[in-house]
Amino acid sequence: MIAFIQGELCDAGQDTIVVACHGIGYEIQIPVSVAQVLPDPGNVVKIYTYTYVREDALGLFGFLTQDDLKIFKLLITVNGVGPKAALAILSAMTADELRFAILAEDAKAIAKAPGIGPKTAKRMIIELKDKLNLESMIEGHGDAEMSLSDPGDAAANVRDEVIMALTALGYGNTEAVRAVRAVSGADEMDSETLLKQALNESEMVLADGMPIIWISKL
């Protein structure tokens, strides 16, 4: 199995690149989001890859981060979602946005990806929700600079997890805190429930025009 390929970017299209490594040119299929941030041909790139093997097909699928590769591998475990469909999803939304949509049970957001219908989106939520958690959303994003109360308190820890998840998805720290504070009965909720309720409140919280990268009303 090829974990990654590092070499000269020889050619780059919207969904396919060619990377030269030790005299071999590897054709790698990529999501559109990768194509948009690649350097010009001639530069060295490192692409994390998944080798797809079937009786009638052999292909390499590539990503710029191990996190994107991890999500891709999860997607293709879903019944009816192959590598092409998984690439389409990751072309339409980031790995964090997809985690967010699955945990929030937002099938409409997932179904916006080309070729992904409502039934497939709902199946993804059912099959993947238990494999994802808030910690995976905030891993690598750093800690939020603001919290609500004593970190030794269990309810405070839940609120802080949700704040960190929101900041990882584009909220400013202040907006994340305000969204969580707007939830009634937050102290009695687990992380996932509080996250969904905070998102339900978020349109009201952001009504004064505060920016956010991506949001969906549940």
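Asp67, Asp96 and Arg99 are joined in a network of salt bridges in this predicted model. Side chains of opposite charge can pair when their charged atoms come close.

Arg99 takes part in two of these contacts. With Asp67 it forms a salt bridge whose closest N and O atoms are 2.3 Å apart. Asp67 belongs to helix α2 (residues 66-75) and Arg99 to helix α4 (residues 95-103), so this pair ties together parts that lie 32 residues apart in sequence. The salt bridge between Arg99 and Asp96 has its closest N and O atoms 3.1 Å apart. Here both residues sit in helix α4, three residues apart, which means that about one helical turn separates them.

Asp67, at 30% relative accessibility, counts as partly exposed.

A further salt bridge is formed by Arg159 and Asp187, with the closest N and O atoms 2.2 Å apart. Arg159 lies in helix α8 (residues 154-168), while Asp187 lies in the loop between α9 (173-181) and α10 (191-205), so the contact ties together parts 28 residues apart in sequence. Arg159 counts as buried because its relative accessibility is 11%, whereas Asp187, at 48%, counts as partly exposed.

With a side-chain nitrogen of Lys or Arg required within 4 Å of a carboxyl oxygen of Asp or Glu, the count for the model comes to five salt bridges. Among them are Asp67 with Arg99, Arg99 with Asp96, and Arg159 with Asp187.

Conventions
Residues numbered from 1 in each chain as written. Predicted model: local features only at pLDDT ≥ 70, side-chain atom pairs only at ≥ 80, totals over all residues. Heavy atoms only, no water. Helix = DSSP H or I, 4+ residues; strand = E, 2+ residues; numbered from the N terminus. Buried < 20%, exposed > 50% of the residue type's maximum accessible area, 1.4 Å probe, protein only.
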